[in-house]
Amino acid sequence: MCGIVGILAKNKIGFYQSQTSIFKEMLYADQLRGSDGTGIFYHCNDKIHTLKSPIASSLFLHDPLVKKAIDSLSTNSLFAVGHNRSATIGKHNHENTHPHRSKHITLIHNGTLRSHKELADVESDSLAICKSIADIGEENTIEKINGAFALVWYNSDKKTINICRNTERPLYLLETGNCYVFASEPKMAEWIIERNKLNTTSKIVPFNAGILYKYSLDSLKFEEIKVILKQPN
């Protein structure tokens, strides 16, 4: 069991400090879902940056580079995505810590596949998904995934954040006045938003399984595409 957290901007001026605090506090609290590694990928000044380390988020957030990265979200940033790893397939090391990158794809994954070598001949099932999306595309990859997944990835060619899950892993969305918030733990997200005194404009809802949600950095809007999920054996 891993954890996913993230924020998406609803305007092009970046995030307020209260919103970056929500992201940081969610990443910290989400350690309950995994303490074997922590990583983030984020948008700033029209570039994608990644930081990761095979340590718990409570330690990761003390790194000066991480502090600087989170502070930078208040300037020309449109998203930040975080991952708390609970190691299953793959060694507990830096390479297997999320996010993974392959070509134009940067990805995090919550879940465990029953088999992944048909996606890519690598040690980590999550890296296999990342490489497959980069090589054969998202819809073809999702149709082949055999196992549990909630995925968030950025496509630098199309400038989209993409979110998809099946019924075996959770992921929830909540809207505030100035940003979208998503997390594996809905009650945690609601509590942290309330703690930072932000008003919500929607109830927290699950991302629907079998739907690919594409958030465009150009339009700052969601598009929904139905995808085929592999049925469990």
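I looked first for disulfides (pairs of cysteine sulfur atoms within 2.5 Å), and the structure holds zero of them. Cys44 is in no disulfide, and the nearest cysteine sulfur, which belongs to Cys179, is 16 Å away. Cys164 is likewise in no disulfide, with the sulfur of Cys130 as the nearest one at 15 Å.

I noted that this is a predicted model, in which local features need pLDDT of at least 70 and side-chain atom pairs count only at pLDDT 80 or more, while totals for chains, interfaces and linings use all residues. Residues are numbered from 1 along each chain as its sequence is written, and side-chain values use heavy atoms, with hydrogens and water left out.

Next I checked burial, where buried means under 20% relative accessible area, exposed over 50%, and partly exposed in between (1.4 Å probe, protein chains only). Cys44 counts as buried because its relative accessibility is 9%, and Cys164 counts as buried because its value is 1%.

I then turned to nonpolar cores, which are sets of buried Ala, Val, Leu, Ile, Met, Phe, Trp, Tyr and Cys residues joined through side-chain atoms within 4.5 Å. The largest has 50 residues, and those with the most contacts inside it are Met26, Phe79, Val152, Ile161 and Phe182. Apart from that core lies another of 21 residues, among them Val122, Ile133, Ala134 and Ile145.
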